[in-house]
Amino acid sequence: MYQYFYELLGSEILATLITAAVPLVNVLLAALIGVYLERKVSAHMQDRLGPMRTGWHGIFQTVADFIKMLQKEDAVSTEVDKKLYNLAPVLVFTGSFAAYAVIPFSSKVIGTEAEVGIFYLLAISSLVVAGILMAGWSSNNKYSLLGAMRSASQIISYEIPTAIVVLSMVMYTGTLSLDKMSQMQTAYFWNWNILGGAEFGFAKFLLIPFMIVGFIIIYISTLAEVNRTPFDIPEAESELVAGYFTEYCGMKWAMFMLSEYGNMFAVSGLVTILFFGGYQSPLGYFGDAIGVHWMIPFEQVFWFIAKGWFFVFVQMWLRWTLPRLRVDQLMSLCWKYLIPYAFVNLIIIGIITLL
Amino acid sequence: MDFYNIIFFLFALITIVSAFIVVTSRNIIYSGFSLLFTFFGVAGIYVLLGSDFIAVVQIMVYVGGILILILFGVMLTNKIVDVEIRTGASHMLPAAIGVGILFGALTAVMVFTGWKSEPGLVPQTTTVDIGKLLITDYVLIFELLAMLLLVALIGAATIARREKE
């Protein structure tokens, strides 16, 4: 896509900015739709209606909220550490937005085709941790600090099972590039990695159970990494008010929200790419069938976003289904169950891949 | 000045300014967070040099691991209790001499080395080559380092474990 805009405009800077704007629009829309969806999903799960008054079925509720947010006074407590307090939301948002650089929305819509793709994705998410610690500390509030500590320790712990599952998938596909991983899982659902990958043979059927285990592990651990229920102890409202962003209001608070919804979509996209074919269609392409080949990238964008939103929906579903874990339960789940299982899974997938 | 030069100077500026804050700031938290930007700037320069893998490792290990650990340690000690941790500059003269010698040595190396400056091919990616080298030519060092890290991990777990009375 960068190449295309470069040839169209003849300016590297403009091309880069436009390429970067595509995921930005996606993150903004993700927050806008995500908040609305969350309200509706939670309401319907609790047999309520949710927002109903602003527009048809409350469809403009988040837009109205956003306008309200823009007008809010930027109230800053006198006791906060001004520099870090103002920098923290920016850092958190940068971290979650930077992850989109390597996520392929289709074979054409991709920020960078850098070979290190998935490794970069794992690395850049540490910026979010630093931002959360910054927010928690600079707020000068015990609840904020505790929330930040919990969040950082949780994200760091759950990065390990995520990384191990990612490693097993890297071993299986032989590439770090998310685009190549998506390409390898061709356009039919029985070729996706969750069903043993594109190569047809004995190994394919052998792999299926381990792929499913890997998927479950990475889904749980990415859920914990984005601080969603049942792993939302960093912002447990009954204990910590709102965790690390207790002291924030107005647009700065909105930036934390943006990055939360951006993160939710990013990890859903990661799971989609690793196990569910990325941007590939489950049943072949309509563009192929009628011979209109320029349609295929658009179909791919549709499929990627649809799959991503499906997993975001599952995250919400889990949020309103499961109670919150205790801190010690959280840590024992990660270190005593997920990590050993992930290691065993890694070894088995490695052996099967070798065969 | 083309696009890449601008990016280079941007990253160089980030690195130098934040490194300056790291050493001069009297508040240790500021030093810690400035270190984040120093690491980040260095990673950016690695990318411009064409070594993408090293750049990502830089962020993964230093920002994701070491820096977070430093911040954790500092935060638990500062502000919660009333002790303000301040860094004080002392021993200015020995430090100046040591830094001066190091700077001179580095400059000398830079000036007197016969750098090969031919327009070589910048590889598209370094990951595959690094991987191959690690398990062929440098396999012994690689395995030894793995052992070292494992020993360190087991040691940390043993020290941290609560003794059952």
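Visitor: How many residues of chain A are in contact with chain B?
Guide: 23 residues of chain A are in contact with 21 residues of chain B. Bear in mind that this is a predicted model.

Visitor: Which elements of chain A give two or more residues to that side?
Guide: There are helix H2 (12-45), helix H5 (117-124), helix H6 (126-138) and helix H7 (142-173) of chain A.

Visitor: And where does the largest share come from?
Guide: From H6(A), with seven residues.

Visitor: Switching topic. How many helices and strands in chain A?
Guide: Chain A has 14 helices and zero strands. Read from the N terminus, its elements go α-α-α-α-α-α-α-α-α-α-α-α-α-α.

Visitor: What radius of gyration does chain A have?
Guide: Chain A has 21 Å. A compact globule with 355 residues would have a value near 20 Å, so the two agree.

Visitor: What box do the C-alpha atoms fill?
Guide: Along the principal axes, the C-alpha atoms of chain A fill roughly 65 × 50 × 45 Å.

Visitor: What percentage of chain A counts as buried?
Guide: 47% of its 355 residues.

Visitor: Last one. Of the contacts between residues at least 6 apart in sequence, how many join residues at least 24 apart?
Guide: In chain A, 75% of those contacts do.

Methods: Residues numbered from 1 in each chain as written. Chains lettered and ligands numbered in written order. Predicted model: local features only at pLDDT ≥ 70, side-chain atom pairs only at ≥ 80, totals over all residues. Contact = placed C-beta atoms within 7 Å. Helix = DSSP H or I, 4+ residues; strand = E, 2+ residues; numbered from the N terminus. Rg over C-alpha atoms; globule rule 2.2 N^0.38 Å. Buried ≥ 20, exposed ≤ 12 C-beta atoms within 10 Å, placed from the backbone.
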